[in-house]
Amino acid sequence: MNSAPSSRPPRNSSQSRAERPCKRSRQEHPSAGVLRRLTESEVASLQARLRNKLSQNDLETLGEGGLIVSGNTGGTPEQIEGVAHTLVLKRCAADDGLLLTWAASNQKLRTVLLEDNLLSFDCVTEIVKALASNRLGALQALCIRWNPIKAEGAAAIATALRTNTTLRSLDLVSSEVGTFGAMALGHSLKHNQYLTALDLDSNAIGPCGVQALPGALQQNRSLLTLRLNRNGLGPAGAEHVAELLRVNSTLTALHVCGNSFKEAGAATLAAALRSNCALSSLHLADNDIGDEGASSLAAGITGNRSLATLALARNKVGPAGASALADALRTGSLEELLDLNYNRVGHEGAAAIAVGLASRERRLEALQLRSNGVGDEGVEGLCSAVEKGRVAKLDLNNNGVKEDGARRLVAALGSCECCLRHLDVGWNGIGDEAAAGLAEVLSGGSKCLLGPSECFGDA
């Protein structure tokens, strides 16, 4: 088996396929629709998307009565009366509101996904009325992503959230919410103590759009996950995000990738992290923070006892920033993930991280160093951490690792303290013999990827 790279470059995109907006005119919606039950794979996909947004019991019941409608079905409520828990409408001409009207009176629905339907304002109004009056007594997850509801629709939903007591997850990705829509949603969180997950990715919110969040989240005690990726927040927006971290004590996951925070924004967030005792997951990919920003964050998480995941992919972090993060590894709380994919860590930074890991008493679940120019020299340092059982998943994809590095990995994997369960060395120059050695030593249930692969973490 030869894992030498082919002509196709490794994937390096800040947006997953599922996150990319799908723009479609109304005329492109299918005229003939399909009405059917959810397949097992579709149920599994829904469960994966909603894993951190619904209870385990609700996740397990998604498939018990799930229906998917794609295209203009012309279906009637009577035809789908048996649906118990889940309704998915995809690319429907939903303006007549027939299915939505039925959904608004269905007391069994727990999950409604209306993504990419070009919903009219009248349809949004129907949803809002149902939410405000709690007619959807079982509804816990509502997804309206890729529907141009604009600020008016977002404001209407915000009004409904003030009185709704059932909804736990609201997804408005790429819905053209804008600054004023985001401000309205932010203010509604002062009054809502039930919503646990809010996704506002790709809505052109801007720094003013997040201005209301600190005051709202100072009073809110229910929101656990907030996604604000790709919203043009900039350093000014980072100030508001940092303030909400200072005043809120319940938010556990914050995603603010692709917001051009730069070094100044990273420093602002770092100062807030020193006093925050709740946040466990911080995703800051694509923010151009560089070594200076990484160093500021490292200082901020040193001594922090709650942050377990730090994702800094595609941030131009070099050896100096990696070394600062290595120092934070010794005393900080990171236990789940340190993601430095697509940076400039090099062999010096990798060696520093290895020293930081090796000096810890606790294991790091996943270290991602994809496309960092680590090379055989950097692998030599990392093997010391592998031998001591300080990392369970290691991504070294596309790092110029050759035969010597692979042989050193084989030796490290044979250590009695090694706990590595997942090793990705695809897109390197490892030949057949070394590849076979890696596969053999990891044959006891662990996973070794020697060819092209996706990242195993979420930036």
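Reply: The account below takes the helix pairs in turn and then the aromatic rings.

This is a predicted model, in which local features need pLDDT of at least 70 and side-chain atom pairs count only at pLDDT 80 or more, while totals for chains, interfaces and linings use all residues. Residues are numbered from 1 along each chain as its sequence is written, and side-chain values use heavy atoms, with hydrogens and water left out.

Helices here are DSSP runs (H or I, at least four residues), numbered from the N terminus. Axes are lines fitted to C-alpha atoms over the stretch in contact, and angles run from 0 to 180 degrees between N-to-C directions.

Helix α4 (residues 121-132) and helix α5 (residues 150-161) have axes that come within 8 Å and cross at roughly 10°. The two helices are therefore roughly parallel to each other, a term used for angles under 35 degrees. Their contact (heavy atoms within 4.5 Å) is made by F121, V124, V128, L131 and A132 of α4 together with E152, G153, A156, I157 and A160 of α5. By class, this contact has eight nonpolar, one polar and one charged residues. Ala, Val, Leu, Ile, Met, Phe, Trp, Tyr, Cys and Pro count as nonpolar, Asp, Glu, Lys and Arg as charged, and the others, Gly among them, as polar.

Helix α9 (residues 234-247) packs with helix α10 (residues 262-273) at an angle of about 5°, their axes being 8 Å apart. That angle makes α9 roughly parallel to α10. From α9, the residues P235, A238, E239, V241, A242, L245 and R246 meet K262, A264, G265, T268, L269, A272 and L273 of α10. Nine nonpolar, two polar and three charged residues form the contact of α9 with α10.

Helix α15 (residues 403-413) and helix α16 (residues 432-441) pack at about 20°, with axes 9 Å apart. α15 is thus roughly parallel to α16. The contact involves E403, A406, L409, V410 and L413 of α15, and A434, G437, L438 and V441 of α16. Its residues comprise seven nonpolar, one polar and one charged.

As to the aromatic rings, a search of the whole structure finds zero aromatic pairs, a pair being rings of Phe, Tyr and Trp (its six-membered ring) with centres within 6.5 Å. The charged end of R145, however, sits over the ring of W146, 5.5 Å from its centre; the criterion is NZ of Lys or CZ of Arg within 6 Å of the ring centre and within 35 degrees of the ring normal.

Key
Angles under 35 degrees count as roughly parallel, over 145 as roughly antiparallel, 65 to 115 as roughly perpendicular and the rest as oblique. Rings of Phe, Tyr and Trp (its six-membered ring) pair if their centres lie within 6.5 Å; planes under 30 degrees apart count as stacked, over 60 as edge-to-face and the rest as tilted.
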